[in-house]
Amino acid sequence: MDPTRRLPKAKPDTLMEIVRRFVTSKLAAHAAIRVAVDDLLSLTPVRYYLKGYTQKQINAFATHASRYFELYHPSGSIEIAHTSRYSHHTGKSELCILATRPLAPGTVISELKGSMADLTEEEDRELKRTDRRHTDGIRRDFSVIHSKQMKKNHLFLGPARFVNHDCDNNCELFREGKYITFRVLKPIGVGEEVTAHYGYGYFGRKNRHCLCETCEKLGRGG
């Protein structure tokens, strides 16, 4: 969340080769993921990045990386794609999740994993601050989501953070063990976006600044 934080810089072609080997691997999914994560951890920039961390933290990093690799496995039902829906507000292309096969109600999209990090009240206020370049009061960070059960906001980590909001959402958050994933609420066709509901006040009072497809079709929101 901190744009000034230094991150490891590996060559894109090197990373793509790891993903390519993973996708074409004949191993079982869990074994192929383990090999891909080991390959990632062996890269010099990543080793340098992790050298100051404890083994427990390195294991957490590996687990976090495995969630992203799992998203690319051919047996999955979704993919990360670009969307220009928010570009006129954010000034850049955003990401979304699309279905690569039909998804029926009740289906748990198990490869779309994430975890929730609790936000203190101070951190939540900091993330709610309006970008000074804009005056509409819209929160710019789509990685924060509201938990109805806990009645507070959380920071989403992992591929699950790419699921965008829609007021007529087709999925709901679903806790599966230590992971957060999504359960399908209504039929989703191939190429359709997987969406969740961020809360009724996330985009201003009664979501009056919402930019979702449903609001666009109904001529309301942003």
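Residues 24 or more positions apart account for 64% of the chain's contacts (heavy atoms within 4.5 Å) with a separation of 6 or more. The model is predicted: local features need pLDDT of at least 70, side-chain atom pairs count only at pLDDT 80 or more, and totals for chains, interfaces and linings use all residues. Residues are numbered from 1 along each chain as its sequence is written, and side-chain values use heavy atoms, with hydrogens and water left out.

Of its 222 residues, 39% count as buried (under 20% relative accessible area; exposed is over 50%, partly exposed in between; 1.4 Å probe, protein chains only).

In helix α1, Ile18, Val19 and Phe22 are the buried residues. Seen down the axis, they fall within an arc of 95 degrees (directions from the helix axis to the C-beta atoms), so they line one face of α1. Asp13 and Thr24 are exposed on the other side. Cover for the buried residues includes α2 (29-41) and α4 (55-71).

There are five aromatic pairs (Phe, Tyr or Trp rings, the six-membered one for Trp, with centres within 6.5 Å; planes under 30 degrees apart are stacked, over 60 edge-to-face, the rest tilted).

| Pair | Centre to centre | Angle between planes |
|---|---|---|
| Phe22 and Phe69 | 5.8 Å | 65 degrees |
| Tyr68 and Phe162 | 6.4 Å | 65 degrees |

Phe22 in α1 and Phe69 in α4 are 47 residues apart. Both are buried. Tyr68 lies in α4 and Phe162 in the loop between β5 (152-157) and β6 (164-165), so their pair ties together parts 94 residues apart in sequence. Tyr68 is partly exposed at 24% relative accessibility; Phe162 is buried at 13%.

Methods
Helix = DSSP H or I, 4+ residues; strand = E, 2+ residues; numbered from the N terminus.
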